[in-house]
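Work through the exercises below with the model open. Try each task before reading its solution.

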Number of protein chains: 2
Amino acid sequence: MPLSTEPIQLPERSLQLFKALVDHFIQDGHPVGSRTLARDTNLELSPATIRNIMADLEDLGLLRSPHTSAGRIPTAKGYRLFVDSLLCVHDLDSSEIEKIAKELDSGQDMKSLLNRTSSMLSDITRLVSVVMLPRSDQPVLQHVEFVTLSDNRVLVILIVSDREIQNRIIHTARVYSASELQQASNYLNKVFSGKELTKVRTELIHELEQMKDNVSQLMQMAIEMAQKAFMSGESGDDYVLSGQTNLMNVAEMCDVEKLRKLFESFNQKRDILHLLEQSIHATGVQIFIGEESGYEVLDDCSIVTSPYEVDGQILGVLGIIGPTRMHYDRVIPIVDITAKMLGSALNSRN
Amino acid sequence: MPLSTEPIQLPERSLQLFKALVDHFIQDGHPVGSRTLARDTNLELSPATIRNIMADLEDLGLLRSPHTSAGRIPTAKGYRLFVDSLLCVHDLDSSEIEKIAKELDSGQDMKSLLNRTSSMLSDITRLVSVVMLPRSDQPVLQHVEFVTLSDNRVLVILIVSDREIQNRIIHTARVYSASELQQASNYLNKVFSGKELTKVRTELIHELEQMKDNVSQLMQMAIEMAQKAFMSGESGDDYVLSGQTNLMNVAEMCDVEKLRKLFESFNQKRDILHLLEQSIHATGVQIFIGEESGYEVLDDCSIVTSPYEVDGQILGVLGIIGPTRMHYDRVIPIVDITAKMLGSALNSRN
DNA sequence: TTTTGCACTCGGCTGACGAGAGTGCTAAAT
DNA sequence: ATTTAGCACTCTCGTCAGCCGAGTGCAAAA
């Protein structure tokens, strides 16, 4: 949630100075003082003047000093102003776009596509990337197929919601012929395809009980089989993360304990997931800066997300997680374009 | 590689003392001094005597002091003696065995089985676990199946080496009917099943060129399709890791830089993989202590591995990675039994 | 309104110092 | 001959003082 605040109206000069300060700080991470700023900006001002201006900015809550007599650093609110009004994102150079495109084109299945997207993202941003897997609200059975393996092992292929494919090997009491399996799958497809998985499951149970005696052996077999296959259906993992180690390079994360907490929350997924879900109905890139995320472990982190969509329908969210002091001007367009390209990559296979 | 050394012959008392020291150190990680040892062992000796003995042990290279006037800690050689001759592994209590069994039974596919094995291992050891995926030396095509999805999308299912199942969705130039696809898969299965994937690939190319004109449209289609499916065949990931964050809890790993290097080598996989492959032809549990591994990043780590096998044939290796100061008496039997149970779990689906 | 000058503050580095833990050696005791 | 007691010595760790440098805030001058 962006901190609600009256629109900040500042003299042009202060803004310029502020931007210079943030740029500087993002660059090398040290608190920046008046002298440095006087030297490095083209506005011809003495350190003293700059000190005055910085004092004003501090009063507005845009800056703070880590301690008396260090320079100033931006607050979350400061970063917010920065990304909202001051930041000029420069376009990606075509080599990078190409690199992204290359990772996303080839004809891979969904899961590995998302995996590659994620590792590509963390690779070029040198930060942690996260790609939320499409959460199929109500998975719909699209197609069932049986393939005989050796002996009494049967491979069940479930195609769910037109995208996800699940394989499961099940053991059957007796050996079934190919044609028997064919008939079984025909039956299942005819009766159940297009229905939600949960419904399929309950109906299967129902059917099994009701027609226990008079149903043909084959149907029984088919139902049992499908039921077995539907058991323990949930996939369990809801996003992929890459590049965690990148966080260990950033100076802000030098404290092991902090790092541990952060990593732990990556594993627990709950908080991160909740955060991602907030972005799922946003349009375009969304940014959570520092404490705006509402989770303490992420206090020194910013999250830049964007939903990705196919046919105007949002499938999921991807983004990167890094220190608040990150190169927003680079990260934002990267996230943006990746989301778009992922969307169209998914589209072309549809 | 175990350090080659003449068998150490020590008076019983020294050994007892040594074991007590290692136990103590493993327990709480502080260098242990003569006084503590005098207090906590049942041999009635004065600190001075113990100091003498410890000096001897240090001369033998089994102990060292981090600095003058700290207690002693075991060296890698010391740990080696400890695990080889002094360690008494206590059996796992049945609740733990049950827990392991529960994770490994249910009818999941291979990949998720290995995943769960890994996360289970890291969970109960509170260390990093690694499970090497079965490296199929020469993957053999067992079965191909085509399933029509909507329009011109076709799902290709490859069953490789009787275990691994790969799905791939490909786009075709025109729409094929179910029976066409059926025929195509029949053809492919007849001609290629049982052959190694690499061979299949080259033969397909060959076939495609040779019979370009006079081959039936269908065959062409089948071959193209299969070729598309075989492209980019390698899975890419060769082991699964879990529980990295556990390492951040152990006191020895308080240094971020060290930790980073370690994590990085987890990602690069090369070294770890090489290490695992050394164990692949060992029988039973194998242990690398500290520098024995030969990789600098692992200097303060021990690796406990065991191959897992089906029908007497070794499929892969699993194990755990932790600080040299780990509870070998717990970890060793856990790794051992997990490998065995994973083996039989894989067997039952075979 | 901006700049100059100046006193003040604070973090980080350094070096000193004492406490605590543990050792090695020697001499006494068993 | 082995074990123990005594003692001086060494090294780490934590604390504390002192100094330096960077940077601030304020008041007075430009």
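Helices (H or I, at least four residues) and strands (E, at least two) are DSSP runs, numbered from the N terminus. This is a predicted model, in which local features need pLDDT of at least 70, side-chain atom pairs count only at pLDDT 80 or more, and totals for chains, interfaces and linings use all residues. Residues are numbered from 1 along each chain as its sequence is written, chains are lettered from A and ligands numbered from 1 in the order in which they are written, and side-chain values use heavy atoms, with hydrogens and water left out.

**Exercise 1. A loop residue in chain B**

Task: Find B:Ser69 and state which loop holds it. Then decide whether B:Ser69 is buried or exposed.

Solution: 
- Step 1. Go to strand S1 (63-64) and strand S2 (73-74) of chain B; B:Ser69 sits in the loop between them.
- Step 2. Check the backbone. Phi of B:Ser69 is positive, about 65 degrees, although the residue is not a glycine.
- Step 3. Apply the cut-offs: buried means under 20% relative accessible area, exposed over 50%, partly exposed in between (1.4 Å probe, protein chains only).
- Step 4. B:Ser69 counts as exposed because its relative accessibility is 69%.
- Step 5. Look towards the DNA. An N or O atom in the side chain of B:Ser69 is 3.4 Å from a base oxygen of DNA strand D.

**Exercise 2. Around DNA strand C**

Task: How many residues surround DNA strand C, and which are the closest?

Solution: 
- Step 1. Set the limit: a residue is near a strand if one of its heavy atoms lies within 4 Å of it.
- Step 2. Count 17 residues; A:Ala48, A:Thr49, A:Thr68, B:Ser34 and B:Ser69 are the closest.
- Step 3. Sort the DNA side. Of the atoms of DNA strand C within 4 Å of the protein, 68% belong to sugar and phosphate.
- Step 4. Find the helices. Helix H3 (47-59) of chain A and helix H3 (47-59) of chain B each supply at least two residues of this surface near DNA strand C. H3(A) gives the most, four residues.
- Step 5. Sort the residues by class. Ala, Val, Leu, Ile, Met, Phe, Trp, Tyr, Cys and Pro count as nonpolar, Asp, Glu, Lys and Arg as charged, and the others, Gly among them, as polar. The surface near DNA strand C has three nonpolar, ten polar and four charged residues.
- Step 6. A polar side-chain atom of A:Arg13 lies 2.9 Å from a phosphate oxygen of DNA strand C.

**Exercise 3. Around DNA strand D**

Task: Which residues come nearest to DNA strand D?

Solution: 
- Step 1. Among 17 residues around DNA strand D, the nearest are A:Ser34, A:Ser69, B:Arg13, B:Thr49 and B:Thr68.
- Step 2. Sugar and phosphate make up 72% of the atoms of DNA strand D that come within 4 Å of the protein.
- Step 3. H3(B) gives the largest share of the surface near DNA strand D, four residues.
- Step 4. Take the phosphates. A side-chain N or O atom of B:Thr49 is 2.4 Å from a phosphate oxygen of DNA strand D. For A:Ser34 the distance to a phosphate oxygen is 2.7 Å.

**Exercise 4. Where the chains meet**

Task: What area is buried between chain A and chain B?

Solution: 
- Step 1. Buried area is the accessible area (1.4 Å probe) that two parts lose on being put together, summed over both.
- Step 2. Between chain A and chain B it is about 2900 Å², with 61% from carbon and sulfur atoms.
- Step 3. On the chain A side, strand S4 (141-148), strand S5 (153-160), strand S6 (164-171) and helix H10 (256-268) each give two or more residues. H10(A) has the largest share, six residues.
- Step 4. By class, that side divides into 13 nonpolar, ten polar and eight charged residues.

**Exercise 5. Inside chain A**

Task: Is A:Ser14 buried or exposed?

Solution: 
- Step 1. Locate A:Ser14 in helix H1 (residues 12-28) of chain A.
- Step 2. A:Ser14 counts as buried because its relative accessibility is 10%.
- Step 3. Of the 350 residues in chain A, 50% are buried.

Notes. Polar contact = N/O pair within 3.5 Å; in protein donor to acceptor, adjacent residues only side chain to side chain.
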